[in-house]
Amino acid sequence: MASFFFSFALSLILILGVTSAQLSSTYYSSSCPKALSTIESAVTAAVASEKRMGASLLRLHFHDCFVNGCDGSILLDDTSSFTGEKTANPNANSVRGFDVIDTIKSQLESLCPQVVSCADILAVAARDAVVALGGPTWTVQLGRRDSTTASLSDANSDIPQPTFDLSALITAFTNKGLTTKEMVALSGSHTIGQARCTSFRARIYNETNIDSSLATSLKSNCPSTGSDNNLSPLDTSTPTVFDDSYYKNLVNQKGLLHSDQQLYSGGSTDSQVTSYSTSSATFFADFASAMVQMGNISPLTGTSGEIRTNCRKVN
């Protein structure tokens, strides 16, 4: 009878997928009890000194998870055997916050050597960054291990682009096991952070479904040629507060990126955007739940991967 229950439980794990079975919110409670408080303190301090860092840390986790799972691969520097993800188009000249992760990692290595993975640091830091800017909290599942390689080509192909139409956005998230509803909720991370002129130039000069006064003001900092790296906030109303203003902006045709405005452009996601624009509580609950799902994308667990001692390089 016992063997029946064992095989039944095993088949259940195989059906449901080993990810949820192997990640746990209490993973470090005995091996590194101060892990979570150490990460939280460092993130809170980093965001207090530069509000933009909150968005940068959240984006690191997102760009990590979308390339071969949440495995810390985005943190690896190039080596002679592989080209890392830092120079991929979606990351070059824009992904940042590596120094904050380095600081956290060195503190954790002093506390509990080779116990807490870089992938888990990214997952916890993303949550703490959202909270630091006034957003929701959630319980982070832990136990991811770190990859021993990275992929420039997968970063170029798998991370959603600011030029994407709604159908391409839906496909990019579906490919990672995320629903359209989760895609719309996760897009709300654009309530914080900034974008480079090169990623919204075509929208402000060529598109008509944009508030004309917003387009005019954006052009002053983003000329039709040059100044590619000039920054503008993704949420012009409350750029450093995690709230539902992003969705209010979309309803008023004030989405900065083409991909943002696609969520409210006469398509299937309009009603969800409207819902979030009138209820931050609904957005917060859906965002928190979607972040847990995103954090579950293909983690390395058990004996796969390793626990890096330096997040920038393989042991």
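**Entry 1: helix H15.** I began with H15, which covers residues 280-295, 16 residues in total. From its first C-alpha to its last I get 22 Å, close to the 22 Å expected at 1.5 Å a residue. A reminder to myself: this is a predicted model.

Next I asked which residues of H15 are buried. My list has Phe-283, Phe-284, Asp-286, Phe-287, Ala-288, Ala-290, Met-291, Met-294 and Gly-295. What do these buried residues pack against? I found H4, helix H6 (118-132), H9, helix H12 (245-251) and H14.

**Entry 2: H9 against H15.** I picked H9 from those partners and looked at its axis. The axes of H9 and H15 come within 8 Å and cross at roughly 110°. Angles from 65 to 115 degrees count as roughly perpendicular, so I wrote H9 down as roughly perpendicular to H15.

Then I went through the side each helix brings. Sorted by class, the contact of H9 with H15 has 7 nonpolar, 1 polar and 3 charged residues.

**Entry 3: H9 against H14.** I stayed with H9 (residues 180-187) and turned to H14 (residues 270-278). Their axes come within 10 Å, with a crossing of roughly 40°. That angle makes H9 oblique to H14, and I noted the crossing as right-handed.

Which residues make this contact? On H9 I have Thr-180, Lys-181, Val-184 and Ala-185, and on H14 there are Gln-272, Val-273 and Tyr-276. By class I put down 4 nonpolar, 2 polar and 1 charged residues for the contact of H9 with H14.

**Entry 4: Gly-69.** My last stop was a loop. Gly-69 sits between helix H4 (52-65) and helix H5 (98-111). Is Gly-69 buried or exposed? Its relative accessibility is 2%, and buried means under 20%, so I logged Gly-69 as buried.

Leaving out residues up to four places away in sequence, Gly-69 touches Asp-64, Ile-297 and Ser-298. The C-alpha atoms of Gly-69 and Asn-296 are 7.9 Å apart, although 227 residues separate the two along the chain.

Key
Residues numbered from 1 in each chain as written. Predicted model: local features only at pLDDT ≥ 70, side-chain atom pairs only at ≥ 80, totals over all residues. Heavy atoms only, no water. Axes fitted to C-alpha atoms, helices over the stretch in contact; angles between N-to-C directions. Helix = DSSP H or I, 4+ residues; strand = E, 2+ residues; numbered from the N terminus. Parallel < 35°, antiparallel > 145°, perpendicular 65-115°, else oblique. Left-handed = near helix turned anticlockwise from the far one by under 90°. Contact = heavy atoms within 4.5 Å. Nonpolar A, V, L, I, M, F, W, Y, C, P; charged D, E, K, R; others polar. Buried < 20%, exposed > 50% of the residue type's maximum accessible area, 1.4 Å probe, protein only. Expected span 1.5 Å × (residues − 1).
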